[in-house]
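Here's a walk through one protein model, sheet by sheet and then pocket by pocket. Have the viewer open as you read.

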Amino acid sequence: MNVLLWHVHGSWTTSFVHGRHRYLVPVTPDRGPYGLGRARTYEWPENAVEVTPEELGRTDVDLVILQRPEELELAEQWLGRRPGRDLPAIYVEHNTPKGDVPDTRHPMADRDDLLLTHVTHFNELFWDNGGTRTAVVEHGIVPPKVEWTGELDRLAVVTNEPVRRGRVTGTDLMPRFAAVAPLDVFGMGVAGLPDRLGLPADRLAVHDDLPQDRMHTEVARRRAYLHLCRWTSLGLSLIEAMTIGMPVVALATTEAVDAVPPDAGVLSTRVDTLVEAARWLAEDRDAAYRLGARAREVTKERFGLDRFLADWDRIMEEETCASR
């Protein structure tokens with residue numbers, strides 16, 4: 001099939017475009033949020049093809065994958081056809097609801113012209129989807145090319161914009177962990193974090209927007225993975241760290257409770273418990289290895305790329321067949 005989708009979430013889209021279809025990714029001269037084109041810091045296969053808005057009007061499209069409400073109007077404008085009416089459409093919701101949780105109404109609630117697909121069961125549960133048909137396709141990842149070594153008694157954090165997002169990403173909790181083991185924070189918008197938290201360079205280092213392979217290599221050298229997000233969908237960086245073979249120290253919130261088994265890390269809503277777990281793993285590399293080995297075993301089975309793509313093939317085939 002020819003599948004139209006916007007490049008919104010780099011890691012998720014990287015997995016998605018590894019399927020057997022032809023993926024049409026809009027590109028605009030400014031490479032803005034609605035025309036980002038192919039990824040530059042992730043490896044994408046050749047069947048992910050850039051298309052301009054002008055080209056889309058004369059391109060055969062079998063299915064539209066929507067990820068933001070405004071893409072409905074944009075797709076109609078660029079294609080000359082209305083997604084959900086003139087061709088099948090699936091809306092993918094990546095995020096936890098915001099606002100009056102758990103009464104937050106989804107922008108696609110009470111529609112009969114598309115399928116609303118969530119990336120976690122937690123998200124499907126907490127969004128008010130109304131009468132819209134829903135499905136859940138859990139994450140799947142392209143396996144990182146490295147394995148955990150853990151030679152550095154430091155903790156790795158992967159998060160985006162921790163200065164701006166603050167409590168959502170658990171930024172305020174970082175100093176408590178930096179007191180027991182140095183932190184390395186990877187992601188976009190991490191510059192300025194040490195100054196914001198008042199931490200010296202020997203307790204917190206930032207690595208801004210590294211290419212994915214290089215980031216994986218560096219993360220794998222750290223002793224454990226620290227996941228402090230209070231309110232977020234299940235981060236692909238967490239799954240990637242577990243696939244690498246890293247033990248996890250995480251807040252027991254949202255989907256992390258279900259994704260991380262107790263023998264693959266330490267989860268709790270008691271921060272003191274997590275701080276002590278971080279201290280333990282920083283000092284005991286053998287224990288870190290045991291937990292990380294279990295994390296790798298679990299994620300390869302549950303979050304494998306083949307399962308992810310098979311689930312998506314089934315849903316896309318069902319939606320296109322139903323519209324014929």
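Let's start with helix 13 (residues 305–322), which lies across strand 1, strand 4, strand 5, strand 6 (115–118) and strand 7 and runs at about 145 degrees to strand 5. Helices (H or I, at least four residues) and strands (E, at least two) are DSSP runs, numbered from the N terminus. Contact means heavy atoms within 4.5 Å, and axes are lines fitted to C-alpha atoms, for helices over the stretch in contact, with angles from 0 to 180 degrees between N-to-C directions.

A quick word on ground rules. This is a predicted model, where local features need pLDDT of at least 70 and side-chain atom pairs count only at pLDDT 80 or more, while totals for chains, interfaces and linings use all residues. Residues are numbered from 1 along each chain as its sequence is written, and side-chain values use heavy atoms, with hydrogens and water left out.

**The seven-stranded sheet**

The strands under helix 13 belong to an open sheet of seven, with parallel pairing and the order 3-2-1-4-5-6-7. Two strands pair if DSSP finds at least two bridges between them. Strand 3 (48–51) and strand 7 (134–136) each have a single partner strand, so one side of each is left without a neighbour in the sheet. From one strand to the next, the twist averages 30 degrees.

Zooming in, strand 4 (residues 63–66) and strand 5 (residues 89–93) run parallel and are joined by three bridges; Ile65 has Ile90 in strand 5 as its bridge partner. Helix 3 (residues 71–79) lies across strand 1 (2–5), strand 2 (22–26) and strand 4, at about 145 degrees to strand 4.

Most residues other than glycine have a negative phi, and most peptide bonds are trans. Pro102 sits in that loop, and a cis peptide bond joins Val101 and Pro102, with omega about 5 degrees. Asp110 is also placed in the loop between strand 5 and strand 6, and its phi is positive, near 60 degrees.

Five bridges join strand 9 (residues 183–187) to strand 10, and the two run parallel; Asp184 has Ala205 in strand 10 as its bridge partner.

**Two domains**

The domain assignment gives domain 1 (2–141 + 305–323) and domain 2 (155–303); such bounds come from an automatic or database assignment. Their C-alpha centres lie 28 Å apart, and the contact takes 22 residues from domain 1 and 15 residues from domain 2.

**Pockets and a cavity**

On a 1 Å grid over the protein atoms alone, a cavity is a set of points where a 1.4 Å probe fits but cannot get out, and a pocket is an open set with protein on both sides within 12 Å along at least five of seven lines; lining residues have an atom within 4 Å of a point. Grid points are joined across faces, edges and corners, and a volume is the space filled by probe spheres set on the points. For residue classes, Ala, Val, Leu, Ile, Met, Phe, Trp, Tyr, Cys and Pro count as nonpolar, Asp, Glu, Lys and Arg as charged, and the others, Gly among them, as polar.

| Space | Volume | Lining by class |
|---|---|---|
| Largest pocket | about 1500 Å³ | 20 nonpolar, 19 polar, nine charged residues |
| Second largest pocket | about 260 Å³ | eight nonpolar, six polar, two charged residues |
| Largest cavity | about 30 Å³ | six nonpolar, two polar, one charged residue |

Which residues lie nearest the centre of the largest pocket? They are His9, Gly10, Asn160, Arg165 and Met188, out of 48 lining residues. Domain 1 and domain 2 each give at least three residues to this lining. Elements that each supply at least two include helix 1 (10–16), strand 8 (152–158) and helix 9 (236–244).

The second largest pocket has about 260 Å³ of space. Its lining has 16 residues, and Val8, His9, Gln67, Arg68 and Asn95 are the closest to its centre.

As for the largest cavity, helix 9 gives the most to its lining, with four residues. Among the lining residues are Val158, Met215, Tyr225 and Glu240.
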